[in-house]
Amino acid sequence: MQAIAQPSTQRESGLDQADLRQYLSFALGKEAYAIDILKVQEIRGYEAVTPIANTPAYIKGVTNLRGNIVPIVDLRLKFNVGEASYNEFTVVIILSLGVRVVGIVVDSVSDVIMLRDQEVRPAPQFSAVFDTRYVSGLATVGEQMLIVVDIDQLIRSSDLMLFDDTRELV
Amino acid sequence: MSLDIGRFHQVFIDEAIEHINALEALALKLDPEKPQAEELNAIFRAAHSIKGGAATFGFEGLAQLTHALETVLDQVRKQAMAVTGDLIKLLLSATDCLRAHVASLQGGQPIDQDIEAKVLGQLQRAGGAEDGGCARTGAVPAQTHAANGGSCIVVVKLEAPELGSPEGMLRIEQALSGLGAVERLTSADELAHAMEVRMRLTSSISAAEVQESLAFVWSNDRFRIELDAPPGAPADYSSKPIVATASFAELEGDDAGFFVENLPASLERAKPNDPLALTGRRSYDFRPEAAQFGRRQVDRYVAIPMDTSSIRVGVEKVDRLVNLVGELVIAQAMLVQSSAHAGTELSESVSSNLGQLDRNIRELHEAVMSIRMLPISYVFSRFPRVVRDLADKLGKRVELVLEGEETELDKGLIEKVTDPLTHLVRNSIDHGIELPAQREAAGKPPIGALRVRALHQGGNVVIEVSDDGAGFDRARLLEKARGHGLAISEASSDEDVWQLAFLPGLSTAERITEVSGRGVGMDVVKRNVEQLGGRLSLRSAAGQGTTVTIHLPLTLAILDGMLINVGAHTYVIPLTHILENLQPSADAVKTVGGGGKVVRVREEFIPLIALHDVLNLAPRFEQPHEAMLVLCESNGQRAALQVDELVGQGQFVIKSLEQNFRKIAGIAGATILGDGRVALILDVAALLRAGQRSEPALSTAQ
């Protein structure tokens, strides 16, 4: 975690830092995604998840994170991409969203990158694995296109049915 | 019905102090530029809570004060009155007054009636004056503010060039005039030989603040502040600008320095050149704008004896401790497990040390868990008084029976359940129990019985308020519901009809009395309970009484439970629901129409619920006679849950699923097992309900 939190792709560090943000990029299927690193609490291996009856398959269950019960969502299953296999390389990103802590399973975690706000361009209507509602923009790093995801919105969305509507995030 | 007055007074006082502190902190935070509605509401609530408690316990002075305060705050909250520096000062002086009052209740110094009357007057005037007074004064310059100021005598030593000269006096006067109205007390004649001059300063700020302000002008040894002349020697204030403009103009009479009485002593004690000693509390906000109305001399309540037998700690700190100890328990369990694998290679001393560690950690765990838990007697202990007063008022005779006072629940819940419960108790007396004559006419004993009891049931605390009064009037509820345009059939079950009582706005007009408070109905009680994650049910029979049952979760309670396995999964069944475990013979299980199964247990047929069906799991044993049955009961319903295996009994720390997730039907919560895995706690009541109605499993799957 410590190592990941350090910027590894520092560019133009001498310039104005104000609009630079750090993102965590991860792979889901063939696409690369990025989320605001401030929403990431930690990255863990996939372990001992207790399944919950009568919930959708992508809700893998709950796990014990230092005494807190945290739900684990497999985004691969939810969006039908990648291979939903679980082994020692399976990665869970623990997100801290307001008062809630949620874990998401992705194919792999790639990097921490720095992006300027203007580098994140509005996304055209396109067919990503998830609804463009949850996409805050597109960015290019080197040759690769990154889909910048509003992870708050995605996790909170009624699509995922993670929370009762009664309690707002934040 | 024995009354331990001391105990519930202490609870009230502790709470009142908490509310007063909150009030003060919030008032200090208030920003006249842009007051936050949330803060205003919070202040109002704090005042309201004190008032409610004070009224309940018959502390009339306090109730009167808070009522006036509440009236002012209500207007502010509704934006009928602007937030001004004056208003904040008024709030703060009211806070002081409340604090002093509470301290005197606690056995401190006697209440200073004068101050209290004065603040009360100010509050009442402010409340009555609506927006006019308060908002207007906001724009008036400082020296005309008289909301809660006073007068004091400032004595300034003259220094060499000024000695005996009128200019020196003028300069001093100018310096003081920035703070308020100045009156020379040293005549020109005296001035010729005087070493010091005396000025009466009438100002809106407290003497302590005068002291602070003047410290910028003169060194501390050059001036001192004295008590003003006692009341009875009315100074000619009417000619002062103060009275002409102030909307809280009560300075005429006995205004002899509300803030000043204790000052000489306090100033002596607090070395004048130590600014912190003057303000007393170091945690105060020292932003300049806060200093304007934030600092007050606090020596007034230094004398309150501190309760050293308990400390107040933030709940989040305790929660963190609870989590950490939980982790420790798990880590220890793992250690024991691996030591068992190591077998004989492990030396005996290591094993015995592990045993010692085990005991210590268990004790630690229990101690930590108990921090948050309080007996419900904290709530119950106020009921005897409530019941007595109310019964007297209404001319009814009521015997109160309290049961299960030792039932422990989370402190947070205790606080929040107090109001709904008090409301239910009041409701029972007001609307449930009849007058003695009516009761006798109905063939009942003249003394009504009101029973409040608490018990643990599974993962819940159950609190029941029951009376043997008239019960709900079915016909009238139906009529009311129709009046509200609700289509409800005459043939509806009683249960459905009682639910109507929980609908907002449906409390029948005849039922609202002064006793039942500010129009808070059953709907509010229900909402409050539901906010706590609980549920509320009502049983009533005409002429026989009403029972309201509140089921509350114990967020942090320890649950006695049975670990069971279904397939590869482990669940916990709360022990209180379990009647017995059995393994049925093949012919004891019958299939009834529609595919449901029943099992015969000692001449009784009990519905059988296969957990693997309900939970969509692959079981190890399909057939009930191969599996185990756990006979459970909830709310008078019984069913046998089919499980694969019983693992064992234990105590489990209930963890909320909803904190990071949502409520899952059939699951009451979760717990962490010794090996760190999460096991879900079954909600037996919900399972039985679902089984009873033969609903298609638990339909939250989606």
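**Two helices side by side in chain B**

Which residues in α16(B) meet which residues in α17(B)? From α16(B) come Phe383(B), Val386(B), Val387(B), Leu390(B), Ala391(B) and Leu394(B), and they meet Leu421(B), Thr422(B), Val425(B), Arg426(B), Ile429(B) and Asp430(B) of α17(B). Sorted by class, this contact has nine nonpolar, one polar and two charged residues. Keep in mind as you explore that the model is predicted.

Now look at how these helices lie. Helix α16 of chain B covers residues 383-394 and helix α17 of chain B covers residues 411-432; they pack at an angle of about 30 degrees, with their axes 10 Å apart. Angles under 35 degrees count as roughly parallel, so α16(B) and α17(B) are roughly parallel to each other. The crossing in which α16(B) passes α17(B) is right-handed.

**A helix pair running the other way**

Turn next to helix α3 (residues 60-77) and helix α4 (residues 85-105), both of chain B. Their axes are 11 Å apart, and the packing angle is about 160 degrees. That angle makes α3(B) roughly antiparallel to α4(B), because angles over 145 degrees count that way. Here α3(B) passes α4(B) in a left-handed crossing.

The contact between them has 13 nonpolar, three polar and no charged residues. On the α3(B) side you can find Gly61(B), Leu62(B), Leu65(B), Thr66(B), Leu69(B), Val72(B), Leu73(B) and Val76(B). On the α4(B) side, the residues they meet are Leu87(B), Leu91(B), Ala94(B), Cys97(B), Leu98(B), His101(B), Val102(B) and Leu105(B).

**A closer look at Leu92(B)**

Helix α4 of chain B also holds Leu92(B). Is Leu92(B) buried or exposed? Its relative accessibility is 0%, so Leu92(B) counts as buried, the cut-off for that being under 20%.

**One five-stranded sheet in chain A**

Let us move to chain A. One open sheet there has five strands in the order β8-β1-β2-β10-β9, with mixed pairing. Its edge strands are β8 (108-116) and β9 (135-141), each pairing on one side only. From one strand to the next, the twist averages 35 degrees.

Inside this sheet, strand β1 (residues 20-28) and strand β2 (residues 31-36) of chain A run antiparallel and are joined by six bridges. Leu24(A) has Ile35(A) in β2(A) as its bridge partner, and Ser25(A) stands opposite Ala34(A). Together β1(A) and β2(A) form a hairpin with two residues between them, and Gly29(A) in the turn has a positive phi of about 65 degrees. Strand β2(A) also pairs with strand β10 (residues 144-149) of chain A, this time in the parallel sense over three bridges. There, Tyr33(A) stands opposite Ile147(A) in β10(A).

**Another sheet in chain A**

Chain A also has an open sheet of five strands in the order β3-β6-β7-β5-β4, and its pairing is mixed. Strands β3 (40-45) and β4 (59-65) are at the edges, where each pairs on one side only. Ignoring direction, neighbouring strands of this sheet are turned by 30 degrees against each other on average.

How many bridges join strand β6 to strand β7 of chain A? Seven bridges join β6 (residues 91-97) to β7 (residues 100-106), and these strands run antiparallel. To trace one of the pairs, find Ser96(A), whose bridge partner in β7(A) is Val101(A).

Methods
Residues are numbered from 1 along each chain as its sequence is written. Chains are lettered from A and ligands numbered from 1 in the order in which they are written. This is a predicted model: local features need pLDDT of at least 70, side-chain atom pairs count only at pLDDT 80 or more; totals for chains, interfaces and linings use all residues. Side-chain values use heavy atoms; hydrogens and water are left out. Axes are lines fitted to C-alpha atoms, for helices over the stretch in contact, and angles run from 0 to 180 degrees between N-to-C directions. Helices (H or I, at least four residues) and strands (E, at least two) are DSSP runs, numbered from the N terminus. Angles under 35 degrees count as roughly parallel, over 145 as roughly antiparallel, 65 to 115 as roughly perpendicular and the rest as oblique. A crossing is left-handed if the near helix is turned anticlockwise from the far one by less than a right angle, and right-handed if clockwise. Contact means heavy atoms within 4.5 Å. Ala, Val, Leu, Ile, Met, Phe, Trp, Tyr, Cys and Pro count as nonpolar, Asp, Glu, Lys and Arg as charged, and the others, Gly among them, as polar. Buried means under 20% relative accessible area, exposed over 50%, partly exposed in between (1.4 Å probe, protein chains only). Two strands pair if DSSP finds at least two bridges between them.
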